[in-house]
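Here are a few friendly notes to read alongside the model. Please have the viewer open as you go through the points.

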Amino acid sequence: MSDLTLTVMRLGFLAVLWLFVIVAVQVIRSDLFGTKVNPRSSRRATGAPAQNASGGRPAAPAQTAPAQPRPRRGAPTQLVVVQGSLAGTTVALQGQTITLGRAHDSTIVLDDDYASSRHARIYPDQTGQWTVEDLGSTNGTYLDRQRLTTPTPLQPGMPIRIGRTVIELRK
């Protein structure tokens, strides 16, 4: 083998080794300091429209949701985070599905070590009753201290626990 080939192989190996070290440091750093909360997702959690990447008008929805039945009188109107890092956050219930998890495109982004990226969803069924469903999370979703195994109708005031976060439907 020529000296040039050997030198190129050494430099390539050195570059791969440094790349590995940099990735390992980034993983350790994210484990120690957690993920950054995206300000755009916190606006979405409060019910305000998110802006597009250029900072202009809110982006148009990709799909139109099917028409939902009118909410019944006395039906819950908001979802409130009562415990956890987002305590006090309120989301208006307007007939849309609310997703919960660590993913940045969730309606409520949970910065919780016990939450999965796509942890649970809350949606209105055909009768207008709000239902909670665990989306196959590792640590489970609990409704009033009972682990969910099937989609379950929600009553106002019943605590939904995901890790350290507790959420309730309110009127």
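In what order do the six strands of the open sheet run?

1. The order is β2-β1-β11-β10-β7-β8, with antiparallel pairing. At the edges are β2 (90-92) and β8 (146-147), each of which pairs on one side only. Strands here are DSSP runs (E, at least two residues), numbered from the N terminus, and two of them pair if DSSP finds at least two bridges between them.

2. A word on the source: this is a predicted model, where local features need pLDDT of at least 70, side-chain atom pairs count only at pLDDT 80 or more, and totals for chains, interfaces and linings use all residues. Residues are numbered from 1 along each chain as its sequence is written, and side-chain values use heavy atoms, leaving out hydrogens and water.

3. Strand β7 (residues 142-143) is joined to β8 by two bridges, and the two run antiparallel. Have a look at L143, which stands opposite Q146 in β8.

4. E168 belongs to strand β11 (residues 165-170). E168 counts as buried because its relative accessibility is 15% (buried is under 20% relative accessible area, exposed over 50%, partly exposed in between; 1.4 Å probe, protein chains only). Leaving aside residues up to four places away in sequence, E168 touches Q78, L79, V80, V82, G157, M158 and P159 (contact means heavy atoms within 4.5 Å).

5. R161 sits in strand β10 (residues 160-162). With 37% relative accessibility, R161 counts as partly exposed. Beyond residues up to four places away in sequence, R161 touches Q83, G140, T141, Y142 and V166. R161 and V81 lie 80 residues apart in sequence, and 9.9 Å apart in space from C-alpha to C-alpha.

Notes. Helices (H or I, at least four residues) and strands (E, at least two) are DSSP runs, numbered from the N terminus.
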